[in-house]
Amino acid sequence: MMGAFTLSDSALLLIDHQVGTMKLIKNIPLEVVKRNTLALAKTAKILGMPVVLTSSQEQNVQGPLLPELEGILREEFAARAKRAGIVNAWNDPNFKAAAEKTQRRNLIMAGVTTDVCLVFPTISACREGYQVQAVMDASGSPHDISEEMSRRRMERKGVVLTATNTLMAELAQDWSRPEGG
């Protein structure tokens, strides 16, 4: 049974939210995915939670990470793990090392495409003993069937599916605290 995620034991991992790859999302409005991804980044920044960013082949059609992420997470953006093409970000030594460096056992992940960018690293991290929540409204897929199959696959392997607002409430714990506002 997964315990609650708190600020002291959680890290946010944002995977491949790149301007080109974003255009592949068809099962959820693109603006919703973008808004929620940026909301997660802002929440982590405000709450002082560690964030790891990664991208894949920025020089190709995937394009650069969302420029707004640089404005919110300047240091994390500069330190992002630029993958040469490894599909499962967890298999990239730089990305995995950055995640391990946070020393957090609870990982919150969103990947631009659920069916490629999110499914594999969430399952890999679970296999290694991490508790993982996948933020489904900061991710999407080109087809409903690939989204559904990826969700089922993640859940079968122990990944908890969540949404941006639910996660923000879980982390804030109390809206009356300064961070809650």
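**Figure 1. Y130 in its buried setting.** In this predicted model, Y130 is buried, its relative accessible area being 8%. The ring of Y130 forms an aromatic pair with W90, and this pair is edge-to-face, with 5.4 Å centre to centre and 75° between the planes. Because W90 lies in the loop between β3 (81-83) and α5 (93-101) while Y130 lies in the loop between α6 (114-127) and β5 (131-135), the pair ties together parts that are 40 residues apart in sequence. Y130 also takes part in an arrangement with a charged residue, for the charged end of R105 sits over the ring of Y130, 3.8 Å from its centre.

**Figure 2. The aromatic cluster of W90, F95 and Y130.** The structure holds two aromatic pairs, and ring pairs link W90, F95 and Y130 into a cluster. W90 counts as buried because its relative accessibility is 2%, and buried means under 20%. F95 is buried as well, with a relative accessible area of 0%.

**Figure 3. A charged end over the ring of F77.** This view is centred on R80 and F77, where the charged end of R80 sits over the ring of F77. The distance from the charged end of R80 to the centre of the F77 ring is 4.2 Å.

**Figure 4. Helix α2 beside helix α8.** The axes of helix α2 (residues 30-47) and helix α8 (residues 164-172) come within 10 Å and cross at roughly 10°. Since angles under 35 degrees count as roughly parallel, α2 is therefore roughly parallel to α8. On the side of α2 the contact is made by N36, A39, L40, T43 and L47, and on the side of α8 by T164, L167, M168 and L171. Divided by kind, the residues of the contact of α2 with α8 are six nonpolar, three polar and no charged.

**Figure 5. N36 and its contacts.** N36 is found in helix α2, and with a relative accessibility of 9% this residue counts as buried. When residues up to four places away in sequence are not counted, N36 touches D137, A138 and T164. T164 is one of the residues through which α8 makes its contact with α2.

**Figure 6. The buried residues of helix α8 and the end of the helix.** The buried residues of α8 are T164, L167, E170, L171 and A172. These buried residues pack against β1 (10-15), α2, β4 (106-111), β5 and β6 (160-162). Just after α8 comes Q173, a residue that takes a positive phi of about 65°.

**Figure 7. Helix α6 beside helix α7.** The axes of α6 and helix α7 (residues 144-156) come within 10 Å and cross at roughly 5°, and the two helices are therefore roughly parallel to each other. The contact is made by T114, D115, L118, V119, F120, T122 and I123 of α6, together with S146, E147, S150, R153 and M154 of α7. The residues of the contact of α6 with α7 divide into five nonpolar, four polar and three charged.

**Figure 8. L118 and its surroundings.** The place of L118 is in helix α6, where L118 is buried, with a relative accessible area of 0%. Residues up to four places away in sequence being left out, L118 touches M109, A110, G111, T113, A134, M136, S139 and M154. Among these, M154 belongs to the α7 side of the contact between α6 and α7. L118 and P93 are 25 residues apart in sequence, and their C-alpha atoms lie 17 Å apart in space.

**Figure 9. P142 in the loop between β5 and α7.** The place of P142 is in the loop between β5 and α7, and this residue is partly exposed, with a relative accessible area of 25%. P142 and L24 are 118 residues apart in sequence, yet 5.3 Å apart in space, C-alpha to C-alpha. Leaving aside neighbours within four places in sequence, P142 is in contact with L24, K26 and D115. D115 is also one of the residues of α6 that make the contact with α7.

Technical notes. Residues are numbered from 1 along each chain as its sequence is written. This is a predicted model: local features need pLDDT of at least 70, side-chain atom pairs count only at pLDDT 80 or more; totals for chains, interfaces and linings use all residues. Side-chain values use heavy atoms; hydrogens and water are left out. Axes are lines fitted to C-alpha atoms, for helices over the stretch in contact, and angles run from 0 to 180 degrees between N-to-C directions. Helices (H or I, at least four residues) and strands (E, at least two) are DSSP runs, numbered from the N terminus. Angles under 35 degrees count as roughly parallel, over 145 as roughly antiparallel, 65 to 115 as roughly perpendicular and the rest as oblique. Contact means heavy atoms within 4.5 Å. Ala, Val, Leu, Ile, Met, Phe, Trp, Tyr, Cys and Pro count as nonpolar, Asp, Glu, Lys and Arg as charged, and the others, Gly among them, as polar. Rings of Phe, Tyr and Trp (its six-membered ring) pair if their centres lie within 6.5 Å; planes under 30 degrees apart count as stacked, over 60 as edge-to-face and the rest as tilted. Buried means under 20% relative accessible area, exposed over 50%, partly exposed in between (1.4 Å probe, protein chains only). A charge sits over a ring if NZ of Lys or CZ of Arg is within 6 Å of the ring centre and within 35 degrees of the ring normal.
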